[in-house]
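Subject: Structure for you to look through

Dear colleague,

I am handing over the structure below, together with notes on what was found in it. Please read the notes with the model open beside them.

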Amino acid sequence: MAQRYEIRFSGAGGQGLITAGIILAEAASIIEGKHATQSQSYGPEARGGASKSEVIVSDGPIDYPKATVVDACLAMTQEAADKYANGIKPGGLLLIDSDFVRNEPKGDFKIVRMPIMRTAKEDIGREIVANVVALGAMIALTDVVSREAGEKAVLSRVPEAFIELNKKAYSLGFEKVKALIN
């Protein structure tokens with residue numbers, strides 16, 4: 001049976017988490033040659049309402065493209081945590097934005113707290129790259145793809161004028177979460 005790893009990115013519509021999921025799926029499939037699917041859903045309000053992006057990475061064919069037993073979940077907002085932290089498998093992982101998720105969901109999973117939006121705003125000067133900070137952090141936590149594949153996928157998606165900004169955001173997310181867990 002193929003190794004299957006399921007990741008859910010969740011937050012508010014407009015935070016770029018669907019893009020983060022697409023980038024992760026591209027890192028897995030295009031750069032590393034694994035099998036990957038990405039799906040998404042968001043409420044009728046789209047911008048501002050809870051949204052999620054799910055990525056499944058496998059070393060073999062993926063027979064069902066939706067997440068069923070989530071290995072790792074990111075929650076950028078309280079609403080996202082309340083709505084999408086369900087289904088994390090026992091022993092799984094939940095990364096929360098510690099500034100926005102105050103009531104932590106209960107479950108048999110590890111919670112990692114990181115001020116993702118604040119990191120983007122204060123350390124980089126641009127909140128708009130919070131999704132790339134979060135992506136770097138999730139890749140560091142899960143090892144679902146290599147650091148290099150994640151960075152390459154991020155940089156292939158951004159205009160040339162924003163390459164250094166996104167490279168810094170990705171590395172910062174990766175490094176900060178590694179420091180938190182060590």
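By the rule applied here, in which rings of Phe, Tyr and Trp (its six-membered ring) pair if their centres lie within 6.5 Å, the count comes to one aromatic pair. Tyr170 and Phe174 form this pair, with 6.4 Å centre to centre and 35° between the planes, and it is tilted, given that planes under 30 degrees apart count as stacked, over 60 as edge-to-face and the rest as tilted. The two residues are four apart in helix α6 (residues 163-181), so about one helical turn separates Tyr170 from Phe174. Both Tyr170 and Phe174 are buried, where buried means under 20% relative accessible area, exposed over 50% and partly exposed in between, with a 1.4 Å probe and protein chains only.

Before going further, please note that this is a predicted model, in which local features need pLDDT of at least 70 and side-chain atom pairs count only at pLDDT 80 or more, while totals for chains, interfaces and linings use all residues. Residues are numbered from 1 along each chain as its sequence is written, and side-chain values use heavy atoms, with hydrogens and water left out.

The chain has six helices and six strands, and along the sequence they follow the pattern β-α-β-β-β-α-β-β-α-α-α-α; helices (H or I, at least four residues) and strands (E, at least two) are DSSP runs, numbered from the N terminus. For 182 residues, a compact globule would have a radius of gyration near 16 Å, and the chain, at 15 Å, agrees with this; the radius is taken over C-alpha atoms, and the globule rule is 2.2 Å times the number of residues to the power 0.38. Buried residues make up 51% of the 182 residues.

Turning to the sheet, six strands form an open sheet with mixed pairing, in the order β2-β3-β1-β4-β5-β6, two strands being paired if DSSP finds at least two bridges between them. The edge strands, each pairing on one side only, are β2 (35-42) and β6 (109-114), and the twist from one strand to the next averages 15°. Strands β1 (residues 4-12) and β3 (residues 50-58) run antiparallel and are joined by nine bridges, and Ser10 has Lys52 in β3 as its bridge partner. Helix α3 (residues 116-124) packs on the sheet, where it touches β4 (70-75), β5 (88-97) and β6, and its direction makes about 35° with that of β5; the axes are lines fitted to C-alpha atoms, for helices over the stretch in contact, and angles run from 0 to 180 degrees between N-to-C directions.

Strand β4 is mostly covered, with six of its six residues buried. With β1 it pairs in the parallel sense over four bridges, and Arg8 stands opposite Cys73 in β4. Five bridges join β4 to β5, again in parallel, and here Ala72 stands opposite Leu93 in β5.

Finally, Leu24 lies in helix α1 (residues 17-31) and counts as buried because its relative accessibility is 1%. Leaving aside residues up to four places away in sequence, Leu24 touches Ile7, Phe9, Val55, Leu135, Ile139, Val144 and Val145, a contact being heavy atoms within 4.5 Å.

With best wishes
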